[in-house]
Amino acid sequence: PEAAAAALKAAEDYPTNHQPIESPGNTQNFLDNQFLDSKASTWIDLFDPATNNLVTRVPQSTDEELRAAVESARKAFPAWRATSLLHRQQIMFKFVALIRQHWDRLAASITLEQGKTFADAKGDVLRGLQVAETACGITTQMTGEVLEVAKDMETKSYKEPLGVVAAICPFNFPAMIPLWSMPIATITGNTLILKPSERDPGAAMILAELARSAGFPDGVINIVHGSARTVDFIIDEPTIKAISFVGSNKAGEYIFTRGSANGKRVQANLGAKNHAALLPDCDKNHALNAIAGAAYGAAGQRCMALSALVLVGDTKSWLPELAERAKGLKVDGGFEPGADLGPLISPQSRERIEALISSAEEEGATILLDGRGYKPEKYPNGNWVRDIPRGLTKPKLANVLIVKIGPTIIADVRPHMKCYSEEIFGPVLVCINVDTIDEGIELINANPYGNGVAIFTRSGSTAIKFQKNIEAGQVGINTPIPVPLPMFSFTGNKKSVAGGGANTFYGKSGLNFYTQTKTVTSLWRSEDAVAAKASTEMPT
Ligand code: NAD
């Protein structure tokens, strides 16, 4: 709570006071409904990406603390499982109300630690809140099936909780992604161990506090911290039955493979390269605004960011107009009024993205709009990463102040270029020209990722052809970020999910992930059996 309070205080003061937080607190573990100081020997410094002021220190939770979290969740499971569904629903109603009440506080913590604009951070909270709100309908969602399959015989199916489950979260949606797990895992009767991103755990800590106030019993929700070491513990701990992971391909493929080998259920949403196909017959104004918003919102650090634009036919001549709209976006500290996009998460991220832009230049693409080295006026104190001559020793992270990159457009990109084959995860739009939509579909389908895709056209038949033939999990028609609402499921495809995407997040499939189906067949005869001999044939 101290760390969260310090973060909030700093957030409130932020627009007028860019001073470092006085004595930043340490982030705590949350075990058995208690916020506990960690005895960690390794700590991860967490900096405000807009100023690089120290916000908090995040522990690498010790083995003892990780074991205590498992023990807490294990002990809580039998009673929580036995709690009536209506009671769990009542707790969820309160949780939902508290999230709404603390919406600004959650968003402030996100802007402070992650960097996205305050308005965008509010959207981050809302999209998670909607999952919790939908989970309140559990009483009808959990109903099983029953059928009279033969005379005196019926078969019923039930959904039962798995036990202790775990969630491992990425940095880019500090509230929404923990809320893809917390409500569904717990309302179905499981107990949860959640590991937020070590880069911005503040929102998850506030959610834990709200969950406790809502009435979740001790041990139903636990939070531990750290990086790969904590993840390895989760993967190998036999008590944990299922893992929900969202993050990069590197970590996710490893977690999926090792977690599955250990007999756990794993759902894993991974990286992306989301394409938008722009057709000459579209509503041009709407399409250009939608593309610029979805390419640069959250500084491109969304798994559904539109990062590749496929310009069909003459639409390539619209690029200067798109560049004007991108230039018009205000890059600034996330609490600044009117900011459209904030900083990147870290200096390392900025360096990686700048290197990818440079590689595009070297490979012959055109840098139509160059956001490298961008510096917002109100943040004059930065020792810019870009100002450091390459090859010299880097200054300590704390001295590298603002981590910024402005909207960038790379035109004339070819599929073999690194800027196209790699996920950039920054405010960079790569543009490829094609002559026809068929060529565009072929290009998009050849890309290994398959998260989201969009088409902008006024032609119904072109849209339907695209929808049917495109190999991506989430298709937007004249809408740029088709992240499904929680009554549906988040359905990535190809390399954007591990394991072929069988275990998708939230919606019906998310509920199935957190429950084991049990099928019971019963025979109740009204008269005693008359057969004289046991039958060895397969009953039909
Ligand atoms: P990340 O993989 O670096 O981190 C995610 C989690 O994995 C963190 O909790 C981290 O501690 C842990 N982790 C990191 N490296 C690890 C390793 N080597 N071994 C074990 N655990 C490790 O991802 P990120 O940078 O936090 O998030 C950005 C990535 O997440 C992007 O690739 C983005 O596309 C993806 N993402 C995907 C979705 C989706 O739904 N498809 C949603 C959000 C983000």
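Tutor: Start with angle classes: under 35 degrees is roughly parallel, over 145 roughly antiparallel, 65 to 115 roughly perpendicular, and the rest oblique. This is a predicted model, where local features need pLDDT of at least 70, side-chain atom pairs count only at pLDDT 80 or more, and totals for chains, interfaces and linings use all residues. Residues are numbered from 1 along each chain as its sequence is written. Helices (H or I, at least four residues) and strands (E, at least two) are DSSP runs, numbered from the N terminus.

Student: At what angle do H3 and H8 pack?

Tutor: Two packed helices are described by the angle between their axes and the distance between the axes. Axes are lines fitted to C-alpha atoms, for helices over the stretch in contact, and angles run from 0 to 180 degrees between N-to-C directions. Here, helix H3 (residues 85-101) packs on H8 at about 135 degrees. Their axes are 8 Å apart. H3 and H8 are therefore oblique to each other.

Student: Is the crossing of H3 and H8 left-handed or right-handed?

Tutor: Look at the near helix: turned anticlockwise from the far one by less than a right angle, the crossing is left-handed; turned clockwise, right-handed. H3 passes H8 in a right-handed crossing.

Student: How do H5 and H7 pack?

Tutor: Helix H5 (residues 118-135) meets helix H7 (residues 178-187) at an angle of about 15 degrees, and their axes lie 8 Å apart. So H5 is roughly parallel to H7. Their crossing is right-handed.

Student: And what is the angle between H11 and H12?

Tutor: It is about 50 degrees for helix H11 (residues 284-296) and helix H12 (residues 319-327), with 10 Å between their axes. That makes H11 oblique to H12. The H11 and H12 crossing is right-handed.

Student: Back to H8. How many residues does H8 have, and how far does H8 reach?

Tutor: The expected span of a helix is 1.5 Å times one less than its number of residues. H8 covers residues 202-214, 13 residues in total. From its first C-alpha to its last it reaches 18 Å, close to the 18 Å expected. After H8 comes Gly215, with a positive phi near 110 degrees.

Student: Which residues in H8 are buried?

Tutor: Count other C-beta atoms, placed from the backbone, within 10 Å of the residue's own: 20 or more is buried, 12 or fewer exposed, and in between partly exposed. In H8, the buried residues are Gly202, Ala203, Ala204, Met205, Ile206, Leu207, Ala208, Leu210 and Ala211.

Student: Which residues come nearest the ligand?

Tutor: A residue is near a molecule if its C-beta atom, placed from the backbone, lies within 6 Å of it. The ligand has 28 residues around it, and Pro170, Gly247, Ser248, Asn269 and Cys303 come nearest. Helix H9 (228-236) and helix H10 (249-261) each supply at least two residues of that shell. By class, the shell has 15 nonpolar, 10 polar and three charged residues. Nonpolar covers Ala, Val, Leu, Ile, Met, Phe, Trp, Tyr, Cys and Pro; charged covers Asp, Glu, Lys and Arg; the others, Gly among them, are polar.

Student: Is Tyr506 buried or exposed?

Tutor: Tyr506 has 25 C-beta neighbours inside 10 Å, so Tyr506 counts as buried. Tyr506 belongs to the loop between S20 and helix H17 (507-513). Its phi is also positive, near 45 degrees, in a residue other than glycine.

Student: Take two prolines. Is Pro539 buried or exposed? And Pro407?

Tutor: Pro539 is exposed, with 8 other C-beta atoms within 10 Å. Pro539 follows strand S21 (515-523), in the segment after that strand. Pro539 and Arg458 are 81 residues apart in sequence and 57 Å apart in space, C-alpha to C-alpha. Pro407 counts as buried, with 27 C-beta neighbours inside 10 Å. Pro407 is in the loop between strand S14 (366-369) and strand S15 (408-411).
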